Amino acid sequence: MGYRFTDLTNACHNDWRAYIEHDFVRQLGSATLPEPAFRHYLKQDYLFLIHFARAYALAAYKSPTLADLRQAHEGLKAIVDVELGLHVGFCQEWGISEQELAELPEARATLAYTRYVLDTGNRGDLLDLHVALAPCLVGYGEIANWLNTQPSTLRGAKNPFDAWIAMYESEEFQAAMQAELEWLNARLADVTPARFAELSKIFRDATRLEIDFWQMGLHLIDADLEGQSLAH
């Protein structure tokens with residue numbers, strides 16, 4: 001019996017649950033998240049997605065087989081064609097223009113997470129990169145599914161953040177998540193215990209950086225940088 005993605009989440013169970021069930025997520029689901037916190041998150045998530053698209057382009061470059069290349073292509077398409085398109089439209093609904101998004105400075109949490117993923121991909125192999133990406137692609141799909149199991153979650157017109165949940169529960173995103181899980185499970189099945197320990201560290205670090213990203217949104221960390229940028 002080899003390893004599976006669930007072994008990665010089990011190896012950092014507390015961090016994974018702290019990410020999936022973060023107060024930002026809970027408040028988003030219950031429609032109690034302050035709107036300035038959500039706007040700050042939305043802006044930084046746009047920058048986050050740009051860098052993650054670059055990471056999937058790096059995955060394509062590092063792909064040794066056609067199957068790996070197709071998987072990287074699907075991940076890139078999920079971000080560029082689904083997430084970023086919806087994200088820009090969603091930001092416009094919240095009064096954030098595409099020009100404002102293009103001029104945004106990066107918050108420290110955005111810098112730390114995105115550069116960690118790109119650095120991991122540059123110095124490691126394709127599996128290292130996919131494991132660093134997994135908390136985002138798999139995690140957001142799991143978060144949407146988890147929110148839909150919570151009695152406190154409001155859906156529809158009662159929740160101004162409903163479209164965010166809908167984006168990640170969508171058939172397109174859930175299919176991309178399942179494809180990534182299948183890819184990861186196939187490769188994890190062949191790794192040694194020593195190699196799995198290395199991958200677990202990457203996954204744990206990336207998950208902790210996801211937690212920091214939620215904290216950034218919830219507590220408006222570095223939000224003042226955005227105001228300074230617009231002032232100039």
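Student: Where is Leu220 placed?
Tutor: In this predicted model, Leu220 sits in the loop between α11 (193-218) and α12 (223-231).

Student: And what is its phi like, positive or negative?
Tutor: Leu220 has a positive phi, about 55°, although this residue is not a glycine.

Student: Is Asp222 buried or exposed?
Tutor: Asp222 has a relative accessible area of 10%, so it is buried; the cut-off for buried is under 20%.

Student: Let's switch to helices. At what angle do α4 and α8 cross?
Tutor: Roughly 145°. Helix α4 covers residues 35-62 and helix α8 covers residues 126-147, and their axes come within 11 Å.

Student: Left-handed or right-handed?
Tutor: The crossing of α4 and α8 is left-handed.

Student: Which residues of α4 and α8 meet?
Tutor: From α4, they include Tyr41, Asp45, Phe48, Phe52 and Lys62. On the α8 side, Leu126, Leu129, His130 and Tyr140 are among them.

Student: How many of the residues in that contact are nonpolar, polar or charged?
Tutor: By class, the contact of α4 with α8 has 13 nonpolar residues, 1 polar and 2 charged.

Note on methods:
Residues are numbered from 1 along each chain as its sequence is written. This is a predicted model: local features need pLDDT of at least 70, side-chain atom pairs count only at pLDDT 80 or more; totals for chains, interfaces and linings use all residues. Side-chain values use heavy atoms; hydrogens and water are left out. Axes are lines fitted to C-alpha atoms, for helices over the stretch in contact, and angles run from 0 to 180 degrees between N-to-C directions. Helices (H or I, at least four residues) and strands (E, at least two) are DSSP runs, numbered from the N terminus. A crossing is left-handed if the near helix is turned anticlockwise from the far one by less than a right angle, and right-handed if clockwise. Contact means heavy atoms within 4.5 Å. Ala, Val, Leu, Ile, Met, Phe, Trp, Tyr, Cys and Pro count as nonpolar, Asp, Glu, Lys and Arg as charged, and the others, Gly among them, as polar. Buried means under 20% relative accessible area, exposed over 50%, partly exposed in between (1.4 Å probe, protein chains only).
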